[in-house]
Amino acid sequence: MTSQRTRERLIQRLMEQGVTNEQVLDIIRNTPRHIFLDEALSHRAYEDSSLPIGFGQTLSQPYIVARMTELLIGASGKLDKVLEIGTGSGYQTVVLAQLVKQLYSVERIKPLQDKARDRLKTLGLRNVFLKHADGGFGWPEKGPYDAILSAAAPRVVPESLKQQLAPGGVLVIPVGGEQQELQLIMRDGDSNTFVTRSIEPVKFVPLLSGTTR
């Protein structure tokens, strides 16, 4: 179930789909994805598919985690301070935390956040700061950020997130309703001009407002 061979098969599949960043592939190879799932589903941990984690949320497909992470680090000049919208199970959080200096992560569903916090402790990651809040607003008081990654899709990109980007900062975010696309948004220096690049069609849970305890 969690054998090296199973993990290697997943890495092979990611490479076949065009993921090339060795650092990202290595982190996915060595991150124990099965600990982010309930025991009943852990035998499917190294499939390249999204899986339910309760509360209408999912553990993202490994390909999407790898692709978004690769985009983020490829487009960012530096990664001292990064914001994640939607901690969820904490899987994407753990992948990012191994690549950035400080990671700030916002989650609106308290029980999911509590579980993610325990997993981060188990893995000994001390550079992650969690907040229970509405993700659409980001975490302005800790900004600006070199990069922002969103694991939930708003219908339109929240202006508040764009404004939390440092000069030259990068936002990787799925956008849309029924039809969604992954976008890479770059701040042009310290101006109020943002350059948007469409990457590929995706399917994410919607970015909802409000919080759940």
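By class, four nonpolar, one polar and three charged residues line the largest cavity. Here Ala, Val, Leu, Ile, Met, Phe, Trp, Tyr, Cys and Pro count as nonpolar, Asp, Glu, Lys and Arg as charged, and the others, Gly among them, as polar.

This is a predicted model: local features need pLDDT of at least 70, side-chain atom pairs count only at pLDDT 80 or more, and totals for chains, interfaces and linings use all residues. Residues are numbered from 1 along each chain as its sequence is written, and side-chain values use heavy atoms, with hydrogens and water left out.

### Exercise 1. The cavity

Name the residues that line the largest cavity, and find the element that gives the largest share.

Solution. 
- Step 1: On a 1 Å grid over the protein atoms alone, a cavity is a set of points where a 1.4 Å probe fits but cannot get out; a pocket is an open set with protein on both sides within 12 Å along at least five of seven lines; lining residues have an atom within 4 Å of a point. Grid points are joined across faces, edges and corners, and a volume is the space filled by probe spheres set on the points.
- Step 2: Search the whole structure. One cavity of 30 Å³ or more turns up. The largest cavity holds about 40 Å³ of space.
- Step 3: List the lining. It consists of F36, L37, D38, I53, S89, L112, K115 and R119.
- Step 4: Assign the share. Helix 5 gives the largest one, three residues. Helices (H or I, at least four residues) and strands (E, at least two) are DSSP runs, numbered from the N terminus.

### Exercise 2. The annotated serine

Is S60 buried or exposed, and which residues does S60 contact?

Solution. 
- Step 1: Check the record. The unreviewed UniProt entry carries the annotation "active site" at S60. UniProt positions are given in the numbering used here, feature names are shortened, and annotations may be inferred rather than shown by experiment.
- Step 2: S60 sits in the loop between strand 2 (57-59) and helix 3.
- Step 3: Apply the cut-offs. Buried means under 20% relative accessible area, exposed over 50%, partly exposed in between (1.4 Å probe, protein chains only). S60 has 19% relative accessibility, so it counts as buried.
- Step 4: List contacts (heavy atoms within 4.5 Å). Beyond neighbours within four places in sequence, S60 touches R33, S49, S50, V65 and F204.

### Exercise 3. T20 and R67

How far apart are T20 and R67, in sequence and in space?

Solution. 
- Step 1: Locate T20. The loop between helix 1 (4-16) and helix 2 (22-30) holds T20. T20 counts as exposed because its relative accessibility is 59%.
- Step 2: Locate R67. Helix 3 (residues 62-75) contains R67. R67 counts as buried, at 19% relative accessibility.
- Step 3: T20 and R67 are 47 residues apart in sequence and 9.1 Å apart in space, C-alpha to C-alpha.
- Step 4: Compare partners, leaving aside neighbours within four places in sequence. T20 contacts L25 and E70. R67 contacts V19, I199 and E200.

### Exercise 4. The nonpolar cores

Which members of the largest nonpolar core touch the most other members?

Solution. 
- Step 1: Define the core. A nonpolar core is a set of buried Ala, Val, Leu, Ile, Met, Phe, Trp, Tyr and Cys residues joined through side-chain atoms within 4.5 Å.
- Step 2: Pick the members. Among 48 residues, they are L14, I28, L72 and V172. Helix 3 gives this core its largest share, eight residues.
- Step 3: Note the second core. This separate set has 19 residues, including L83, L171, I173 and V175.
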